[in-house]
Amino acid sequence: MKHLYLALLFLGLALPLAFSQKAIRDDAIRYQQERMVFKQWDKNKFEPEPGFLYLNPLYWLTWGLHPNYPKTDLRPLGPYGPQTQRLGLVLAMHQSSNGLKLHADTLRSTALSESYNYLGAVSGLDPLWMLYYSREFDPLLNQDDGRLLEGLEPPVRDYLSRTGLTSWYQEESASIRERLATLRSSNVDRGSRILGYHRMLGEYRILRANFEAKKQRAKLYLSMAETVERVRVPEVGSARSGAESDKQIADRILSSSKL
């Protein structure tokens, strides 16, 4: 019972104190909060006010030691506030980082372009090689030595093999093919590589033209040799008295070759 009486006593004392509290409204504090948080820095809303002819003693007690405080905008988000300056600095750093990133991307693109122009490992991706030179060099790169004399008559093939013309063409074409492979795998400037392609393609065309000419001449030579041999040997059943003159032999060779 004693504890119950003490509790009722404390409750009776606390109720009047609770209902007797009054909300405190301090305009100076409210104005300061509004200035520092969301409203403009209004120097006319400083409490206490100076009063008539600046004779309010409370004003001098409050603002006498720092009279310039009402005139100085101290808002963090004010025009010159620290938060505004920080946001401006962040924006400037963001623009600077974007500029550096663009510069780095430009350097990267330039480096890749230069690598593409110099590296032999990517020479096969060169547009000029893919569109033109690969097609022109295809007979050389895919050359089958066993089919070089395909389509020729056996005597002509035997003659070309016996005289070494076939071996000569194989060695020369292999030399150009080896030089071409070295040029494609070397790290050189793209312009130098293209000039090398052009020079080797000219050499290869001359080589092929010479070989085709030699095949045609071999065929003509064998045909003439066969004609000469046939003319020199008398035909069976023909009776010839005396030896023919050189002029008659030449006329007979020419007439036989025309046939």
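**K215**

I looked up K215 first. At 10% relative accessibility, K215 counts as buried (buried is under 20% relative accessible area, exposed is over 50%, partly exposed lies in between; 1.4 Å probe, protein chains only). K215 is found in helix α9 (helices are DSSP runs of H or I, at least four residues, strands are runs of E, at least two, and both are numbered from the N terminus). I then listed its contacts, leaving aside neighbours within four places in sequence. K215 is in contact with L148, L149, L152, V156 and L160 (contact means heavy atoms within 4.5 Å).

**Model and confidence**

I am working from a predicted model, where local features need pLDDT of at least 70, side-chain atom pairs count only at pLDDT 80 or more, and totals for chains, interfaces and linings use all residues. Residues are numbered from 1 along each chain as its sequence is written, and side-chain values use heavy atoms, with hydrogens and water left out.

I checked pLDDT (the predictor's confidence in each residue, from 0 to 100). The protein has a mean pLDDT of 79, and 78% of its residues reach 70 or more. Confidence is highest in helix α6 (residues 138-141), at a mean of 92. Confidence is lowest in helix α10 (residues 246-258), at a mean of 57. Where pLDDT is low, the predicted coordinates should not be read in detail.

**Salt bridges**

I searched the whole structure and found 9 salt bridges (a side-chain nitrogen of Lys or Arg within 4 Å of a carboxyl oxygen of Asp or Glu). I noted some of them.

I started with R30. R30 meets D27 in a salt bridge, at 3.2 Å from N to O. Both residues lie in helix α2 (residues 27-37), 3 residues apart, about one turn of the helix. R30 is partly exposed, at 26% relative accessibility. D27 is also partly exposed, with a relative accessible area of 27%.

R30 forms a salt bridge with E34 as well, and here the closest N and O atoms are 3.4 Å apart. R30 and E34 are 4 residues apart in helix α2, again about one turn. E34 is buried, with a relative accessible area of 14%.

I moved on to E136. Its salt bridge with R205 has the closest N and O atoms 3.0 Å apart. E136 lies in helix α5 (residues 127-136) and R205 in helix α9 (residues 190-232), so this pair ties together parts that are 69 residues apart in sequence. E136 is partly exposed at 22%, and R205 is partly exposed at 43%.

I also looked for shared partners. Salt bridges join D27, R30 and E34 into one network.

**Cavity**

I ran the cavity search on a 1 Å grid over the protein atoms alone; a cavity is a set of points where a 1.4 Å probe fits but cannot get out. Grid points are joined across faces, edges and corners, and a volume is the space filled by probe spheres set on the points. The count is 1 cavity of 30 Å³ or more. The largest cavity has a volume of about 50 Å³.

I listed its lining (residues with an atom within 4 Å of a point): Y116, N117, V122, S123, D126, R190, R193 and I194. Helices α4 (82-118) and α9 each supply at least two lining residues. The largest share, 3 residues, comes from α9. I sorted the lining into 3 nonpolar, 2 polar and 3 charged residues (nonpolar: Ala, Val, Leu, Ile, Met, Phe, Trp, Tyr, Cys and Pro; charged: Asp, Glu, Lys and Arg; polar: the others, Gly among them).

Key:
On a 1 Å grid over the protein atoms alone, a cavity is a set of points where a 1.4 Å probe fits but cannot get out, and a pocket is an open set with protein on both sides within 12 Å along at least five of seven lines; lining residues have an atom within 4 Å of a point.
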